[in-house]
Amino acid sequence: GPSQDSQGPERFDSNGNPVKKKRRGGSAAKGVGLVIAAAAVVFLGMNAYYVLDEENYAVVTTLGSPQAESQAGLHLKIPFVQNVRFVSKGIKGMPIGYDLETGESNEAESVMITRDFNFVNTDFYLEYMVDDPVKYLYASTEPEATLKMLAQSYIRDTVGTCDVDDVIT
């Protein structure tokens, strides 16, 4: 009997509601809050760094201002303020005047006119490498298409200054 009386004031508050249930609810809420806080810290920690390898550039954008990073290793960033995009340093290529998979000629790209007004079917493979990743990402909406058009223009200009025999040989 007396042990129940001594526990009585601890079990009920002034309104007669059980205190232990409130404590359990409070403890559970604190536990859930701690789990959410720990998950948020882990999430922020995972978004506070990036690893850059030798084959890529990193373009770190801070509030709309891009800056290139080329040194390999672990780098820190501010989560949700800085965004990181990777650009390959490797040699890329594209066919011009033919389809790489089928080998079929694309005459819209390959037929050119020579200085002596003959038509030649000229196809070639263009290789390029990115040396300015910020310009690659932000100076043009389609950098590969722009490069392809420039290459076609230069080749057409070159073919147009030569006779057909010079182009063939």
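A residue counts as buried under 20% relative accessible area, exposed over 50%, and partly exposed in between, using a 1.4 Å probe and protein chains only. Keep that handy as we walk through this predicted model, where local features need pLDDT of at least 70, side-chain atom pairs count only at pLDDT 80 or more, and totals for chains, interfaces and linings use all residues. Residues are numbered from 1 along each chain as its sequence is written, and side-chain values use heavy atoms, leaving out hydrogens and water.

Let's start with rings. Searching the whole structure turns up one aromatic pair (Phe, Tyr or six-membered Trp rings with centres within 6.5 Å; planes under 30 degrees apart are stacked, over 60 edge-to-face, the rest tilted). The partners are Y50 and F86, edge-to-face, with 6.2 Å centre to centre and 65 degrees between the planes. They link distant parts of the chain: Y50 belongs to strand β1 (residues 49-52) and F86 to strand β5 (residues 82-88), 36 residues apart. (Strands are DSSP runs of E, at least two residues; helices are runs of H or I, at least four; both are numbered from the N terminus.) Y50 is buried, at 8% relative accessible area, while F86 is partly exposed, at 43%.
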